[in-house]
Structures are given as structure tokens and as C-alpha cells.
Amino acid sequence: MHSGTTLTQFIIEEQRHIAGATGDFTALLNDVVTAIKTISNAVNKGALIGVMGSLDTENVQGETQKKLDVITNDIMIRNNEWAGHLAGMASEEMDNVYSIPTKYPLGKYLLVFDPLDGSSNVDINISVGTIFSILRAPVPNRAAAKEDFLQPGVKQVCAGYALYGSSTMLVLTTGHGVNGFTLDRDIGEFILTHEDMRIPADTKEFAINASNQRFWEAPVQRYVAECLEGKTGPRERDFNMRWIASMVAEVHRILTRGGIFMYPRDTRDPSKAGKLRLMYEANPMSFIVEQAGGKASTGYERILDVEPTDLHQRVPVILGSKNEVDVVVGYHSAPK
Ligand code: AHG
Ligand code: MN
Ligand code: MN
Ligand code: MN
């Protein structure tokens with residue numbers, strides 16, 4: 001593609017190759033993009049418009065909501081409910097499925113999102129993001145129930161994230177590779193800047209919240225210990241470590257220069273599922289990572305194959321450079 005391709009142009013051209021595409025999907029994506037531009041503006045203005053700080057409310061996971069968690073959730077809803085492309089929405093910040101108000105038509109897609117990822121970073125001016133996943137509604141034009149959303153990640157039609165970093169970027173897959181777009185604020189458009197993003201198969205950089213080490217299970221203990229041993233250990237090279245605490249920023253780093261990211265199983269709660277949520281964090285990110293040539297696993301199975309049982313269920317996440325994920329997965333099946 002020539003330089004200066006806008007996101008809208010890119011999506012229209014991509015959809016031309018899909019038999020039976022009606023333009024609905026392109027229009028839906030345009031609304032998601034409008035929401036993302038609006039969120040980018042709010043995050044960027046920050047304290048100037050009074051959006052920093054926390055509320056007294058908690059979300060369904062028991063996290064104290066930031067003002068921006070709620071504002072960004074609202075922006076996603078308002079921009080996507082009216083146009084008739086959706087049969088329902090679900091989000092980290094809403095306990096139940098969001099039903100499209102009866103004054104609007106219903107459509108054939110479902111939208112699931114984490115409106116503000118990394119929200120613990122928002123007050124300290126560190127990168128945050130938005131993650132979204134688009135599924136097909138099992139029955140088009142009918143108000144979606146919770147069960148309609150509980151589809152494994154392999155069924156996603158599209159997944160993307162916006163990163164509100166030193167520039168605002170949107171990274172996207174519809175199952176034909178991964179492309180990155182940078183927001184040009186002067187013209188208000190996302191421009192294709194990172195064509196066909198690929199994750200290097202090897203890496204010397206890992207990301208994990210080491211303060212949880214005492215809760216990790218043996219395979220992850222072994223993997224991290226070996227990385228820390230460096231050149232003279234079994235991995236025979238020195239590793240670097242990063243932890244931003246915004247999954248979007250970690251995945252973006254991995255898409256750019258490789259790496260492995262882990263929020264693994266741990267012994268803290270009975271489900272041992274770690275922290276990240278399947279439907280609006282692990283699945284969309286795993287779709288993107290796989291489409292860029294990387295891998296995403298719970299340690300025991302491919303994340304995209306996990307059959308969801310709940311909108312807000314958590315899942316262990318090990319994703320990134322293919323060969324490194326293979327090492328960790330191998331340790332999960334190694335004899336004890
Ligand atoms: P969210 O802000 O949407 O609740 O997600 C935060 C997630 C994820 O972005 C990040 O990787 C992880 O939580 C950080 O967790 P710790 O605070 O345990 O490091
Ligand atoms: Mn949260
Ligand atoms: Mn998140
Ligand atoms: Mn969030």
C-alpha cells in the first residue's frame with residue numbers, strides 16, 4: 001500500500017476480498033474508531049478536564065473504578081449502540097450484557113471490550129489502552145444474551161487495541177495478519193504506519209509481575225529462574241525484563257521487538273486462573289499475537305480454544321515470541 005492509507009480505506013479494501021461482505025463490518029469498525037479517538041482525547045487532556053482519580057464504585061471483579069474506566073466505557077457504548085450493527089455489548093466495567101436500547105435497530109455483531117486497560121497507570125501518565133473483540137451474533141438482529149457471547153477466541157471476526165502512548169496507535173487483525181495505524185491528530189485520521197507486523201520468533205526479554213513469584217506454579221518458577229541465571233545458565237543468554245502493568249503496552253512492545261508476557265496460573269484463588277480476563281483481554285490479544293506469528297497459551301492449552309463459561313472469567317496468559325512460549329509450555333508438560 002502507498003503511504004498515507006487511512007484506516008477506513010484499508011478496511012474497505014480488505015473487505016472487498018471477502019465474499020458476502022455488506023459494508024456493515026466496515027461501518028461498525030468506523031464507530032469503534034470514533035470511540036477510540038474520543039478516548040484518546042480524554043486520556044490526553046487528563047487533569048485539564050478533570051478526569052483523573054478514582055470513584056467510590058467497584059466493578060464486578062472488585063476493582064475500584066477510576067473515573068476514566070467509567071468515562072471510557074460510556075464513550076464505547078454511546079458510539080456503538082446507535083447504528084444498527086450490534087446485537088449487544090459486554091465490557092470489563094459492566095456486570096451484565098449491555099442491551100441495545102429499543103429505540104435503535106439490532107445488528108449481526110457482538111462487541112466486547114476493555115475500555116481502559118492498565119487503568120492503574122492513568123494517574124501517573126503512563127501508557128494505557130483500549131482492547132476490543134468483535135464476534136458474530138449467533139442469531140442476527142435479536143437482542144443478545146450472555147450465552148451468545150460465550151464463544152471461543154477462534155470465532156473472533158476482528159480484534160484490536162488502541163495504545164494511548166507517546167503517540168496514539170490502533171493495531172488490528174481481521175484474520176489476515178496484523179496492521180498498525182498511527183493517529184494523525186492534525187487530520188483526525190489513523191494512518192497505516194506498521195504494515196504486516198510480525199513478532200520475532202526468538203527473544204531475550206520477558207515480562208512478568210515478579211511480586212507474585214511466591215504464588216507461581218513450578219513451570220513458571222523454573223522458566224523465570226533460568227532466565228535470571230543468564231549466560232551461564234541452561235538458556236545460555238542474558239535476559240532483560242520489563243513490566244509496564246498495561247497489557248496493551250506490553251503486547252505492543254512484543255509486536256514491535258519480540259518478547260514474552262506472562263500473567264500465569266497462580267495459587268491465590270481456587271480457580272488458579274491468574275488475573276487477566278478471557279473475553280476482553282486474553283482472546284483479542286491472543287488473536288493479534290497469533291496473526292503476527294506469535295503464540296498464546298494458558299500453559300496447558302491454546303488460549304483461543306478455551307471454551308468460555310462466563311463473561312468475566314479469568315485465564316492464565318503466556319504469550320509472545322513463538323520459540324519462547326514453546327519453552328514455557330514445554331515446562332508445563334515436563335514430568336515433575
Ligand atoms: P485493567 O486496568 O483493564 O484492569 O487491566 C490491568 C491488567 C493488565 O493490563 C496488566 O497487564 C495487569 O492488569 C497488571 O497487573 P498487576 O497490577 O498485577 O501488575
Ligand atoms: Mn480494571
Ligand atoms: Mn485490562
Ligand atoms: Mn480495564
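The shell around ligand 1 is made up of two nonpolar, five polar and five charged residues. The model is predicted. Its chain is assigned two domains, domain 1 (7–194) and domain 2 (205–333), and the shell around ligand 1 takes at least three residues from each of them.

**Around ligand 1**

- The residues that surround ligand 1 are Glu63, Glu92, Asp114, Asp117, Gly118, Ser119, Ser120, Asn209, Ala245, Ser246, Met247 and Lys275.
- Two residues of this shell, Glu92 and Asp114, also carry the UniProt annotation "binding site".

**The annotated residues**

- In an unreviewed UniProt entry, the annotation "binding site" covers Glu92, Asp114 and Leu116.
- These residues are spread over 25 residues of sequence, yet they cluster in space, with a largest C-alpha distance of 8.9 Å.
- Glu92 sits in the loop between β3 and β4, while Asp114 belongs to strand β4 itself.
- Is Glu92 buried or exposed? Glu92 has 25 other C-beta atoms within 10 Å, and a residue with 20 or more counts as buried, so Glu92 is buried.
- Asp114 is buried as well, because 29 C-beta neighbours lie inside 10 Å.
- Setting aside residues up to four places away in sequence, Glu92 touches Asn59, Asp114, Pro115, Arg277 and Tyr280.
- With its neighbours within four places in sequence left out, Asp114 is in contact with Glu92, Thr130, Ile131, Tyr280 and Glu281.

**Strands β3 and β4**

- β3 and β4 run parallel and are joined by five bridges.
- Within this pairing, Ala90 stands opposite Val112 of β4.
- β3 is mostly covered, with six of its six residues buried.
- In a regular strand, side chains alternate between the two faces of the sheet.

**How the two domains meet**

- The C-alpha centres of domain 1 and domain 2 are 24 Å apart.
- How many residues of each domain are in contact with the other? On the domain 1 side there are 36, and on the domain 2 side there are 30.
- On the side of domain 1 that touches domain 2, the elements giving two or more residues are β3 (86–91), β4 (109–117), β5 (128–136), α4 (146–149), β6 (158–164) and β7 (168–173).
- Of these, β5 gives the most, with five residues.
- The residues on this side of domain 1 divide into 17 nonpolar, 15 polar and four charged.

**Two residues with positive phi**

- Asp196 is not a glycine, but its phi is positive, at about 50°.
- Asp196 is placed in the loop between β9 (189–194) and β10 (205–207).
- Asp196 has 12 other C-beta atoms within 10 Å, and a residue with 12 or fewer counts as exposed, so Asp196 is exposed.
- Glu236, also not a glycine, has a positive phi of about 55°.
- The loop that holds Glu236 runs between α5 (218–229) and β11 (240–241).
- Glu236 counts as exposed because it has 10 C-beta neighbours inside 10 Å.

Notes. Residues numbered from 1 in each chain as written. Chains lettered and ligands numbered in written order. Predicted model: local features only at pLDDT ≥ 70, side-chain atom pairs only at ≥ 80, totals over all residues. Helix = DSSP H or I, 4+ residues; strand = E, 2+ residues; numbered from the N terminus. Domains from an automatic or database assignment. Contact = placed C-beta atoms within 7 Å. Nonpolar A, V, L, I, M, F, W, Y, C, P; charged D, E, K, R; others polar. UniProt positions renumbered as here; feature names shortened; annotations may be inferred. Pairing = 2+ DSSP bridges. Near = placed C-beta within 6 Å.
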